[in-house]
Amino acid sequence: MSVISQSLAVIKMNVLSLPRRVWMSLAMVLAAAVVVAVLLAFLAMAKGFEATMQSAGSEDVAFFIRTGSAAELNSTVTKDQVNLISEAPGIASNDDGPLVSPELYVIVDGIKKSTGTEANIPLRGIEPQGLAMRENFSLTQGRLFTPGTDELIVGEGILRQFDGFELGQEVRFGKNRWTVVGVFSTGGNVFESELWADARVIQTLYNRGSSYQSVRAKLEPGASLQSIEQYLKQDPRLNQEVQSEAAYFATQGESLGYMALFGRVISSIMALGALAGALNTMYTSVADRAKEIATLRAIGFSNLSAFIGTLVEAMVLALIGGIIGALAAFALFDGMNASTLGGSFTQVVFSFELSTDLILQGIYLALIIGFISGFFPAWRATSVPVAVAFQSRG
Amino acid sequence: MKDFYLVYKNLTRKKLRLFLTCFAIFIAFLIFGAVTALQGALNSGVEMSADNRLVVFNKINFTQPLPYAYVNKVRSIDGVEHVTHANWFGGYYQEPANQIVTMAVAPESYFEVYEELVVDPQQKASWLANQAGVLVGERLAKVNNWQIGDRIPISSSIFSHKDGGQTWDLVVEGIFTANDPQIDTGYMVFHYKYFMETQSWGGDYVGWIVLTTEDPALNEQVAKAIDENFANSQAETDTDTEKAFNKAFIEQIGNIGLIIFGVVFMAFFTILVLVGNTMVLAVRERTNEIAVLKTLGFSSPRIFRMILTESCLLSFLGGLLGIGAAFLVVRFLSEMMARFLPNLVLGSDILLQALGYMLLLGLITGIVPAVNALRLNIISAFARG
Amino acid sequence: MNQDNLFELNKVSKRFTKGKETISIFDNLDMQIKRGDFLAIMGPSGSGKTTLLNLLGGVDQPTSGEVWFDGSRIDSLSESQLAKWRANNIGFIFQFYNLMPMLNAAKNVELPLLLTNLSAKERQQRVDTALQLVGLADRAKHMPAEMSGGQLQRVAIARAVVSDPKLLLCDEPTGDLDRRTADEILEMLQLLNREFGKTILMVTHDPAAAKYATHTLHLDKGQFVREGGVPAEEVSL
């Protein structure tokens, strides 16, 4: 008999005898399932958050805030400065002039559905060019706010996670009343966690005079941020710094980046713990069958086939566990809506995203667990001399 | 206990298994300790808040300011004991990433409202005398190695100095501590008046107002009186207890926290299930030996106790090592992350909780094999030879 | 009960129910074991040898009938009373030794003494004596895995006698051993019987082993028979 057909025979025997060792088999499956589920939960969270933050930031949008302010919330840009920035080199225009969007960013309170407590929501003051610049912006319900009125539109994320922002509702922030006239989507990114209203109205209501907080400018193809930086430095009236919008959101997402890192660390440590459990189970399981394995070897099966047979058993169990873990993670977490504090102390709403490549990562991990927890016990069982294996009782 | 040697020998008979099982328990409690400490750190603001302290914010959001005149109006409301106010400075030291929690406060009243803060009277006096002076919390001073008399440049991510730039040169006039080590001292305070006079926009607004009531029972009444007083004015207020405010702020971290802790605790318990399974198998392997012990005259309760002792020993061995490691990890992290998570400590409450789980683990993993042993029929065991 | 007898079975019956079937192992069995006797019991598999051993060893109880030991009845004792009784009165020797694999020879021998109130020092002395008796004083620190079958059985004998029980119950004590080692073990049992006055009951199906005993009983289908199949009543003890 070749090694392959011998191995197949051993594998068949091992797999058929699995029900007899049902608790041990289940423990092995459970160990793999948990590690995979935990890992995937964290990966799906990180992936979902990343997608939300990254798709918000565009590489061809230059983003200006006051030097050192770190976030839109802290920054100020005067009207004169906005005009100067519009004249910077490499900024694209459309029929209505340069594609420059000065914006305001204030924080208001909303009631979170999940906890019933107040949480921070960004209220963005925006002008027509700001809407034109955001290519993935679309209204899914209602209409746009009328400039100069206290109307606002809400992102789909806000609608999902907060109470009282349905179309037609009147909302109160302090003594200011607003009416929700539309719901918008920006393709699932972080802007969907915001409320948008006319910038001029917000300037008035929040005593901002004619100042703004940040400026976004669409770049012409091939324009470089460096020349804009140069331009900012040369003009003493400008105390702004420039970066791509994508870079800005990447920094803003760092807080959750830490959480994802924390998740990875925790799940790898936990994987070690579960691996110890799995190894234990396989050692016990193989020790239970030391005689069977010795018998096979005594009647002429090669060591290698007995080894492979045992190894494959462990991997099959781990694979089953991995699949169960992945399915559980998929059922529990995929598409799950979550919200947390992003940069600027405001809520970011995002969805867990369990993609195929993440699931594959989970399955690989299960196979690695199976391999390690099968290899050493199998090695031990097949390296003991047959006669010794027979002598040992139990 | 004469049987202890027997228990010990049973426990250590398979070194590899002992190691693996202990390791799994070790990991479980390491994670438990670290994650619970983290959770505790997030919640510590809630735990440490004073009962009779209220905070008054702009109703729109706590990032919106209040007119300065409100401070005196609040002071005149019945039931109010002390009133102070603070402004968020958005400070950082040298690098924007190096955030320093800095507040511009009313210097006299701040320490009346925050009674738990302790500052040497002489240091306080020199701080009061120096407009550009700053009082630094002990922890913050330690992290940055600042001494009294140091001149430290603190920049603001929000405000500009009227002389240009965003940097204020402040002089450390004193270092304050707290009467409870759990209270955070990772921040600094400087003069409100000086701040308003030196920042480019000027103005007379405060970030928020903090007050104490004469009696915690008056909290609700006072909060209501304040909010009613400012209803329909240019800035409506939202007054809450410090505790409620801190709690709401924590909850902003949102279901992410809930999900993470949920997942971690699920895994913690699964590892324990795996360990339990191993323990059951380990004792099952010894059926014959238990039968022999019984035949020799060892009573069933005695064997029951031996097995429970063994499982508890195992649980405490791995568990104590794990919680010990968690303690070290938390100590290390708390130094590294002092800036973000001031109260990261593995305290006695977590330790007690962990000990409870260890005992539970020991009992639960031991009880099944112990009962099996109790019920074991010697006759059938004998027949096995 | 006759003072000469250490053990008496009076009209002992033992039945098992297996599903709906009732299997009768013994029906009104009578038996006496005299003090100082070395009794061998032979019989084919299924004759009831093991059940008899279980009854005498106090690990099983009769369905009906009386079991007397040294002047008192043991058939009505509770499980914990029986455990105590076994610890005080019986030494067990098994076919497969049944030593604790994780304990060394001395610790294995010490096991029954853990059930007494002896101090650690007294226990140590007794263990030393017992190991000397079986000629293994130099192997005290050896683990079972490091010893031969004959040595293991000698450790088991030392364990059986260390608490100075009145009766030794041996279940196929030489079943796992070669002839020469078996003879050594049997000689040792004989010595214990003759020099130390131990009453011994040995179940075996090895006629050569039975020759070491002072009497031999044959058990078949739950009855004592003469060799060749004569009913028990006619067997004189």
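**Terms and their tests**

The UniProt annotation "domain: MacB-like periplasmic core", from an unreviewed entry, covers residues 25-234 of chain A. UniProt positions follow the numbering used here, feature names are shortened, and annotations may be inferred rather than shown by experiment.

This is a predicted model: local features need pLDDT of at least 70, side-chain atom pairs count only at pLDDT 80 or more, and totals for chains, interfaces and linings use all residues. Residues are numbered from 1 along each chain as its sequence is written.

Q: Why is the pair Arg172(A) and Glu236(B) called a salt bridge?
A: The closest N and O atoms are 3.1 Å apart. The term requires a side-chain nitrogen of Lys or Arg within 4 Å of a carboxyl oxygen of Asp or Glu, so the pair qualifies. Across the interface of chain B and chain A, the rule finds one salt bridge.

Q: What makes residues 303-330 of chain B helix or strand?
A: Helices are DSSP runs of H or I, at least four residues; strands are runs of E, at least two. The span is 100% helix and 0% strand, so it counts as helix. Its end C-alpha atoms lie 40 Å apart. UniProt's unreviewed entry lists this span as a "transmembrane region".

Q: How do you know how many residues of chain B are in contact with chain A?
A: Contact means heavy atoms within 4.5 Å. By that test, 51 residues of chain B are in contact with 63 residues of chain A.

Notes: Chains are lettered from A and ligands numbered from 1 in the order in which they are written. Side-chain values use heavy atoms; hydrogens and water are left out.
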